[in-house]
Amino acid sequence: MIIKKIYPVGYCNGVCKALKEIEKIKKSSNKKIYLLGNLVHNEYTMQKLLKDNITIFDVFPKDYKKIIENFKDKNGIVVLSAHGHNININNLLTEKNIEYKDTTCNIVLENYDKIINILNESENNIIFFICKKNHPESSIFENIENVYCLDIDEKKYPKQLNDKQIYIFCQTTLNKKMYLEFATEIKTYYKNSKIIDSTCKYLNLREEKIYNLDDSYTKILVIGSNTSSNSKTLFELAKYYKKNIKVLFINDEKQISKDMFSNNDKIAVFSGTSTSIEEIDIIINKIKSFF
Ligand code: SF4
C-alpha cells in the first residue's frame, strides 16, 4: 500500500495565523478567550480549542452583534474569525470597550481594500460579490452601498444596471472554475463588466493538484469537515475530474474501517484548509495499521 499526502495539505496560511494568535494570547495573558464565529471550519481543531477552555460562539454572522451586545466578561478577550466579518463588529467592540483580536486573513482583507477603492473611485461603480449564502466573508459587505452579494448556488443577478460600471469579485474560497463560469455569464449580459479573480491562490493550488493527479492512484481521500466549503469543493472536484478513482470524504477517523481499503491501494490524500496535519496523520496511521 502507498499513501501519499498531496501538498499543500493541512492548514493554510490564514488558519495558521489565526491559531498562532490564540497561542500568543494564551501565553501572554490570563484572559478568558471567546471565539466569535467558527475560527476554522473543522471540528477536530475546534474540539482542541474547547479543551483549552475557550468559549466558541458558533453562530451566523448576522448574530454577532447580539452576542457582543450581551457580552459581560470584563476579563475576556474576543477573537474574530479568519474568514471575515462586518467592520461594524470591530466598531461595536471598541464602543463597548471589549478587548478583541481580529484574525481576518490578509487575502480576505486585500480583496476588501480593492473593493472599497473601486467604490470610492466613482459613484457609478457597482460590485457583484459572488459567494456562498451565510458565509462570513459575505457579511463583510452587509450594508455597504453598491455591493450586491450573489449566491453562487442560485446564480441570480440584478439586470437593471446597464448605466453602471460593474466589477465582479468572489469569496476567496470559491472554486475558481465555478466562479468564472457564473462571472462569464454575467459578463455576457453586462459586456463592459470586469471580472476580478479574487479566489485564494493557496486554495487554487490544491484544486490544480486534483486536476493533475495521475491515474495510477486507486483512491483519493479528502479529509475535512462537513462545515468546510473548500473541503467539500475538493471532494466534488475529485469526483468530477477523477472518475476512474474511488473518492472518499473523511471528516473523522471513526469513519475509517479496514473494508474500505486493500493492500494494493495507492492513496492520494488531500485536505481542506482547516484540517490539521495532526488529524491527517491520525487517519493515515489508522489506515496503515490495518495492513
Ligand atoms: S483559504 Fe486562503 S483566504 Fe481563506 S483563510 Fe486560508 S489563506 Fe486565507
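Mentor: The centres of domain 2 and domain 3, taken over C-alpha atoms, are separated by 27 Å. The contact between the two takes 10 residues from domain 2 and nine residues from domain 3, where two residues are in contact if their C-beta atoms, placed from the backbone, lie within 7 Å. On the side of domain 2 that touches domain 3 there are two nonpolar, eight polar and no charged residues. In this classification Ala, Val, Leu, Ile, Met, Phe, Trp, Tyr, Cys and Pro count as nonpolar, Asp, Glu, Lys and Arg as charged, and the others, Gly among them, as polar.

This is a predicted model, in which local features need pLDDT of at least 70 and side-chain atom pairs count only at pLDDT 80 or more, while totals for chains, interfaces and linings use all residues. Residue numbers start from 1 along each chain as its sequence is written.

The domain assignment gives domain 1 as 2-10 + 202-289, domain 2 as 13-104 and domain 3 as 107-200; such bounds come from an automatic or database domain assignment.

Next, the sheets. Helices (H or I, at least four residues) and strands (E, at least two) are DSSP runs, numbered from the N terminus, and two strands pair if DSSP finds at least two bridges between them. Strands β2 (residues 32-36) and β4 (residues 76-80) run parallel and are joined by five bridges. Lys 32 has Gly 76 in β4 as its bridge partner. In the loop between α4 (87-95) and β5 lies Asn 97, which has a positive phi of about 60° although it is not a glycine.

A second open sheet also has four strands, in the order β1-β12-β10-β11, and its pairing is parallel. Here β1 (2-5) and β11 (246-250) are the edge strands, each pairing on one side only. The twist averages 20° from one strand to the next. Helix α9 (residues 229-241) packs on the sheet, touching β10, β11 and β12, and its direction makes about 165° with that of β10. Five bridges join β10 (residues 219-223) to β12 (residues 266-271), and Ile 220 stands opposite Ala 268 in β12.

Helix α9 also meets α8 (residues 201-211): their axes come within 9 Å and cross at roughly 20°. The two helices are therefore roughly parallel to each other, a label given to angles under 35 degrees, with over 145 counted as roughly antiparallel, 65 to 115 as roughly perpendicular and the rest as oblique. Leu 203, Arg 206, Glu 207, Ile 210 and Tyr 211 of α8 make the contact with Asn 230, Leu 234, Leu 237, Ala 238 and Tyr 241 of α9. By class, that is seven nonpolar, one polar and two charged residues.

One backbone detail remains. The peptide bond from Tyr 7 to Pro 8 is cis, with omega near 5°, and Pro 8 sits in the loop between β1 and α1.

Methods
Axes fitted to C-alpha atoms, helices over the stretch in contact; angles between N-to-C directions.
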